Amino acid sequence: MSGLSKRHLFIPDIHCKPDTDKTYLRAIGNLIVDMQPDVVIHIGDHWDMASLSSYEERSSAYFHDKTYHDDIVAGHEGMDELLGPLRKYQSRLSINKKRRYNPRLVFCLGNHENRISRAVHKDPRLEGTVGYHDLRLKELGWEQHGFLDIVEIDGILYSHYFVNPLSLTKNSLSGNIENRLQKVGQSFSQGHQQIYQHGMIHDALGRPKMGLVWGTCYEHDEDYMGPQGNARFDGVMVKNEVRNGFYCGMPLSLDYLKRNYL
């Protein structure tokens, strides 16, 4: 491996909702200031967008307290917590005329943000009324990458999830991490699924390929997961010594972050 190594911070799905506590996101923001990663990758589903769910009948009681406006505001409240420490730190550096810390911020739109696009496609009368512009990602400093677009950074492929190339319906890849790595073909990281899988394989020349599947960075339970589906590992992954797809991974739980960074 050659070239200078980098540090990435990988943030799994957050699913901000109007009624959830978002204080823990400030701990991740403080971690960013403390560890100063070169790149912060938010893998998507920051906005939950429950008001645009297609899994419920529009006339059902599920929607009685859900609005598009509240969903958008909830996501921005989460962004304020997440990016607040970085903005304050950057302001202090500027006032003291010190070198600015300005990490690359990468946001991969998830299927929950994609609900906005699907709603407009289903009802073209919404065109111009609602849209990704409401997320204000570029205004907040993020590179915005489309749903299921793949962005390669330092040899790692990032996307909200990866599809099975052999599936006619292009379903999400499944199986163990070794199987996924064989299908993707190089180092990758994705969110979307409420599991934690992390592993490595080597090619015939001994070159490593590393896979990460982690879609949970929130404290609330999801009703649709049922009483047994909410047992999970929530947190973020700090990737040290990132170079040519290899890194030394350091998963940090939300409990650890809250104890040490709030």
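This is a predicted model: local features need pLDDT of at least 70, side-chain atom pairs count only at pLDDT 80 or more; totals for chains, interfaces and linings use all residues.
1. A search of the whole structure finds 9 aromatic pairs. In the pair made by Phe-162 and Phe-188, the ring centres are 5.3 Å apart and the planes meet at 70°, so the pair is edge-to-face; the cut-off for that label is an angle over 60 degrees. This pair links distant parts of the chain. Phe-162 lies in the loop between strand S6 (156-158) and helix H4 (177-184), while Phe-188 belongs to strand S7 (residues 188-190), and the two are 26 residues apart.

2. Tyr-196 and Phe-233 form another edge-to-face pair, with 5.2 Å from centre to centre and 80° between the planes. Distant parts of the chain are linked here as well: Tyr-196 is in strand S8 (residues 196-202), and Phe-233 is in the loop between helix H5 (226-229) and strand S10 (235-243), 37 residues apart.

3. Tyr-218 sits in the loop between strand S9 (208-214) and H5. Its relative accessibility is 1%, and therefore it counts as buried; the cut-off is under 20%. Which residues does Tyr-218 contact, leaving aside its neighbours within four places in sequence? They are Asp-13, Ile-14, His-15, Tyr-24, Gln-194, Arg-232, Asp-234 and Leu-254. Thr-67 is 151 residues from Tyr-218 in sequence, and the two C-alpha atoms are 21 Å apart in space.

4. Helix H3 (residues 114-122) has these buried residues: Asn-114, Arg-115, Ile-116, Ala-119 and Val-120. They pack against helix H2 (68-95).

5. Two loop residues deserve a look at their backbone angles. Lys-97 is not a glycine, yet it has a positive phi of about 55°. Lys-97 is placed in the loop between H2 and strand S3 (104-108), and with 78% relative accessibility it counts as exposed. Arg-136, a residue other than glycine, has a positive phi near 60°. Its place is in the loop between H3 and strand S4 (143-145), and at 34% relative accessibility Arg-136 counts as partly exposed.

6. For the protein as a whole, there are 6 helices and 11 strands. The radius of gyration is 19 Å, close to the 18 Å that the globule rule gives for 262 residues, so the protein is as compact as a globular protein of that length. The C-alpha trace spans about 55 × 55 × 35 Å along its principal axes.

7. Of the 262 residues, 50% count as buried. The protein exposes about 13300 Å², and carbon and sulfur atoms supply 49% of that area. Among contacts between residues at least 6 apart in sequence, 64% join residues at least 24 apart.

Conventions
Residues are numbered from 1 along each chain as its sequence is written. Side-chain values use heavy atoms; hydrogens and water are left out. Helices (H or I, at least four residues) and strands (E, at least two) are DSSP runs, numbered from the N terminus. The radius of gyration is taken over C-alpha atoms; the globule rule is 2.2 Å times the number of residues to the power 0.38. Buried means under 20% relative accessible area, exposed over 50%, partly exposed in between (1.4 Å probe, protein chains only). Contact means heavy atoms within 4.5 Å. Accessible areas come from the Shrake-Rupley method with a 1.4 Å probe; for residues, only the protein chains shown count as cover. Rings of Phe, Tyr and Trp (its six-membered ring) pair if their centres lie within 6.5 Å; planes under 30 degrees apart count as stacked, over 60 as edge-to-face and the rest as tilted.
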